[in-house]
Amino acid sequence: MISGANRGLGNAIARRLHDDGYNVSVGGRDIDALRRSMDGYDDDRVLCHCYDATQPETGAAWIHATIEQFGSLSGLVNNAGIIDTAELDVLTEESLDAMWAVNVKAPFRMIQLALPHLRTDGSGRVVSIASLAGVRVMGTFAPGYAMSKHAVLALSEATKQAGWDDGIRVTSVCPGFIATDMTKDFGGDQATMIDASDLAELISTTISLPNTASVAQLNVACRLEPHF
Ligand SMILES: NC(=O)c1ccc[n+]([C@@H]2O[C@H](COP(=O)([O-])OP(=O)(O)OC[C@H]3O[C@@H](n4cnc5c(N)ncnc54)[C@H](OP(=O)(O)O)[C@@H]3O)[C@@H](O)[C@H]2O)c1
């Protein structure tokens, strides 16, 4: 299951996992846009389902539909996310609440719903797309987003410990800037940023590792941050 798969990193992950032979269940707010973004996929191996991170019932329905279609669940990728780059002095509580809802509470809820199925699988995988903003605060840039992404790392660690004995392995992916819609107005040159397909390849490799090789955190820097 991959959330926010209609564009950006989520779409690249869905494409990669599909091409690697997985059945993919993709969730997005706009079901028509989601279906269009899956053009060319093998219909038998793709489920498109409505998922809005701010609407808990859509997450429960999506999991239910996934189990109905494929009979089991072996992996969950929490990808959907939003950013507000406002500096601390002007960041509003409303904006912080919005980021908390989509970036933290929704993955928490999806993990809770997925855990029973992942435990049955014996080698379940959870990947949550955090950010380098989850391990550092970049000057005055996007402090509220950084707060939410730091919380994603704690959620991943808690999930890892909860599921370890049942073979569940959990990875926080922490990229620097990725060349997607999210960064197109940041002012930087997207050619210096990470290509989403490269991250998708790393994620595919990470989830394919045996239970004896767990990658808890994957930091991936673009050309702008040589120290990571
Ligand atoms: N781009 C970067 O530099 C960067 C760096 C580090 C980490 N990340 C993280 O990587 C993940 C993917 O980001 P991206 O760069 O691909 O961003 P993006 O191009 O802006 O795409 C964001 C995705 O999240 C979905 N989404 C947003 N709010 C949602 C909601 N309420 N319910 C369901 N889906 C929702 C969007 O769906 P709609 O099309 O419906 O809006 C879209 O599919 C995010 O978690 C982001 O924080 C990004």
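In this predicted model, the buried residues of helix α1 are Gly8, Leu9, Gly10, Asn11, Ala12, Ile13, Ala14, Arg15, Arg16 and Leu17. That makes 10 of the helix's 12 residues, so α1 is largely enclosed by the rest of the structure. What does the covering? The list includes β1 (2-3), β2 (24-28), α2 (31-37), β4 (75-78), β5 and α6 (196-208). The length of α1 works out too: at 1.5 Å a residue, its 12 residues should span 16 Å, and the end C-alpha atoms sit 17 Å apart, which agrees. After the helix comes Gly21, with a positive phi near 105°.

Helix α1 (residues 8-19) also turns up around the ligand, where it supplies the largest share of the shell, 3 residues. In total, 29 residues surround the ligand, and the closest are Gly4, Gly8, Ala80, Gly81 and Thr180. Sorted by class, this shell holds 12 nonpolar, 12 polar and 5 charged residues.

Zooming out, the protein chain has 6 helices and 7 strands. Walking along the sequence, the pattern reads β-α-β-α-β-α-β-α-β-α-β-α-β. A compact globule of 228 residues would have a radius of gyration near 17 Å, and the chain's own value is 17 Å, so the two agree. Along the principal axes, the C-alpha atoms fill a box of roughly 50 × 40 × 35 Å. Of the 228 residues, 40% count as buried. As for contacts with a separation of 6 or more, 66% of them link residues 24 or more positions apart.

Now for the inside. The largest nonpolar core has 54 residues, and Ile2, Ile13, Val26 and Leu199 have the most contacts inside it. Helix α4 (residues 93-121) gives this core its largest share, 8 residues.

Strand β5 is where Ile129 is found. Is Ile129 buried or exposed? It has 29 other C-beta atoms within 10 Å, and 20 or more is enough, so Ile129 is buried. Asn78 is 51 residues away from Ile129 in sequence, yet their C-alpha atoms are 6.0 Å apart in space. Once its neighbours within four places in sequence are set aside, Ile129 is in contact with Leu9, Asn78, Asn79, Gly81 and Val173.

The loop between β5 (125-129) and α5 (143-163) holds Ala142. Ala142 counts as buried because it has 23 C-beta neighbours inside 10 Å.

Next along is helix α5. With 21 residues at 1.5 Å a residue, α5 should span 30 Å; its end C-alpha atoms are 30 Å apart, which agrees. The buried residues of α5 are Pro143, Gly144, Tyr145, Ala146, Ser148, Lys149, Val152, Leu155, Ser156, Thr159 and Gly163. The buried residues of α5 pack against α4, β5 and β6 (169-175).

Notes
Residues numbered from 1 in each chain as written. Predicted model: local features only at pLDDT ≥ 70, side-chain atom pairs only at ≥ 80, totals over all residues. Near = placed C-beta within 6 Å. Helix = DSSP H or I, 4+ residues; strand = E, 2+ residues; numbered from the N terminus. Nonpolar A, V, L, I, M, F, W, Y, C, P; charged D, E, K, R; others polar. Rg over C-alpha atoms; globule rule 2.2 N^0.38 Å. Contact = placed C-beta atoms within 7 Å. Core = buried A, V, L, I, M, F, W, Y, C linked by C-beta atoms within 7 Å. Expected span 1.5 Å × (residues − 1).
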